[in-house]
Amino acid sequence: VPDLPHQHSTPVAPSPLPPIAVLTADGARELDARTIATLPDSYTLMHRAASVAAEWLHQRDERSAAVYVGPGNNGGDGWLIAGLLRERGWRVALHAAGDPRTPDAQRAKADTLRGGAFDQPTGSEALILDALLGTGASGAPRGEVAASIAMIRTARALLYSAPNVLIAIDIPSALNATTGVDDGAVAADITLTFGSVKRGQLLRRDLTGEVQVLDIGLLAAPVSEPRIVDAESVRRWLPPIAVDAWKGTRGRLAIVGGDPGMAGAVIIAARGAHAAGAGMVRADVAVESVLPLQIAAPFATVQSWRAHDFTRINTAWPHAMVIGPGLDGTVPALRAAVLALLSAFDGPVVLDAGALTAFRWSRPSDIAEIDVADGSDTDPLDSLRHALRGRPALLTPHVGEFNALFPPGDIPHDRFEAASHLARRLNATVLLKGVPTVIASPDGARLVSAAGNPALAMGGTGDLLAGIAGALLAQGLAPMHAGAAAAWVHGCAAEQATLHHGAWRGVTMERLLEEVSNVWPRLCAQSSSPPHTLLELPAVPAR
């Protein structure tokens, strides 16, 4: 029976990009402009956005709304939505923060008022629509817009006496669409955004609530823009399991880690790999960690090492390796051990936890203690790049581990660009964990996973992610797709565990592991979305 080849020896067919781009405010503006160039005028796109939003809103049970409109094009959207809802029989009140300043907003107001004037909001309306500021706004609101935001805040304070739902049109007013800086935004229950996701929306899920990306016929974003991972893309990336599969063809994964007292990290990674469909899992751990592994992960085989001597590890057996969960020790010794292992094993790898800490930035005096047998530069990242040798590799740092790889003055802070910076430096794929998770390949491609919630903010979840990614890498996925799919499944497991538990507080690792197994059948099931909806991101509960 033929063995599963190493992924790096098999050409990987190009995969279509996920359809939804993650844009800056400038990127969204440029995409609008490209689309408008194909239309009779810019007002056509504004009317299309308002029509789609009004249709989406009309699917709900509420039939009354207070609409707050600003002087720009976001306000123009609001004017048109108010008129369209009124035409559908809604009771609509409207408050304008000054006169429209753009030609399209002026036309939207004039067209809407042909149907009659609006009363001022009373606070009894079931919906509040925030159409004061859009994605192009920046800085703290002033004047009538600031006063109108204060009115919305007051209406929200009456929530318990007069229940209402706050829906932001495109983005909560005063939230920067690029940076996520909050200049006084009122947290929305739902954000209706058009054609793409904005970076600021992903950085501040606490303010956007549930995000609905609505299709208004925008052109495709440039391929250089990050794309958000969705269920359809994950389905497309997953390797099929043949009807005559056996354990050897479902991927053999070795997990190297588990220093004394840290067996739990390897146990979680192994169980994550098992839940992700790995055919065989082997744990290579310190001799003191063998017994805990055999008890807590009986499906895995176990080999032992002492004092980070990895020379006895069978590197011919695995299709892929996860290196790092539960690895600890002094940087020089640990780095030398990881470099030696990477020299002995030339297959796909996931580097996590201790395998990343081993390459943290060090003073020259620290680096001098390391015997780098491969003769590479003494810079830790240069030695790692040399050891990876261009193989399929996925690094999975959290922010702290990522920052530790750079001198204090050279740390890249833009989450969406930082992962790409390290990916180019190492010629490897980087998965930067966080809100959101960004996956970057050395060729410049970027994927973004917005799945997950604070249930993942506890020890062990990174090991779980590494195990899932390792299983997919062992089954032949490219690092970019293995990392993106793993991050999405990992996040969905947290969302489902929170849904079933009732709150993210108290979600345990056992629940997360159970939900990883449950994601796969849900992934294969057909799902339906509201009209014109391209993507739905659930609200992240603050509890």
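**Close-up 1. Leu-381, Asp-382, Leu-384, Arg-385 and Leu-388 of helix α14 meet Leu-422, Arg-424, Arg-425 and Leu-426 of helix α16.** Sorted by class, the residues of this contact are five nonpolar and four charged, with no polar ones. Like the other views here, this one comes from a predicted model. Helix α14 spans residues 380-388 and helix α16 spans residues 415-426; their axes come within 8 Å and cross at roughly 60°. The two helices are therefore oblique to each other.

**Close-up 2. Seven strands line up in an open, mixed sheet.** The edges belong to β3 (91-96) and β19 (533-537), each of which pairs on one side only. From one strand to the next, the twist averages 20°.

**Close-up 3. At one edge of the sheet, β3 pairs with β2 in the parallel sense.** Strand β2 covers residues 64-69, and six bridges join β2 to β3. For a handy landmark, look for Val-69, which stands opposite Ala-96 in β3.

**Close-up 4. Helices α2 and α5 lie across strands of the sheet.** Helix α2 (residues 42-58) lies across β4 (127-131), β5 (165-169), β6 (190-194), β8 (210-214) and β19. Relative to β6, helix α2 runs at about 145°. Helix α5 (residues 143-157) lies across β2, β3, β4 and β5. Its angle to β4 is about 160°.

**Close-up 5. The largest cavity has a volume of about 50 Å³.** This is one of two cavities of 30 Å³ or more in the structure. Its lining includes Leu-133, Gly-134, Ala-137, Ser-138 and Gly-139. Also lining the largest cavity are Ile-171, Pro-172, Ser-173, Ala-174, Leu-175 and Asn-176, together with Asp-183. By class, the lining has six nonpolar, five polar and one charged residues.

**Close-up 6. The second largest cavity has a volume of about 30 Å³.** Here the lining is made by Ala-66, Tyr-68, Gly-123, Glu-125, Ile-128, Ala-155 and Asn-164. Four of these residues are nonpolar, two are polar and one is charged.

Definitions and conventions: Residues are numbered from 1 along each chain as its sequence is written. This is a predicted model: local features need pLDDT of at least 70, side-chain atom pairs count only at pLDDT 80 or more; totals for chains, interfaces and linings use all residues. Side-chain values use heavy atoms; hydrogens and water are left out. Axes are lines fitted to C-alpha atoms, for helices over the stretch in contact, and angles run from 0 to 180 degrees between N-to-C directions. Helices (H or I, at least four residues) and strands (E, at least two) are DSSP runs, numbered from the N terminus. Angles under 35 degrees count as roughly parallel, over 145 as roughly antiparallel, 65 to 115 as roughly perpendicular and the rest as oblique. Contact means heavy atoms within 4.5 Å. Ala, Val, Leu, Ile, Met, Phe, Trp, Tyr, Cys and Pro count as nonpolar, Asp, Glu, Lys and Arg as charged, and the others, Gly among them, as polar. Two strands pair if DSSP finds at least two bridges between them. On a 1 Å grid over the protein atoms alone, a cavity is a set of points where a 1.4 Å probe fits but cannot get out, and a pocket is an open set with protein on both sides within 12 Å along at least five of seven lines; lining residues have an atom within 4 Å of a point. Grid points are joined across faces, edges and corners, and a volume is the space filled by probe spheres set on the points.
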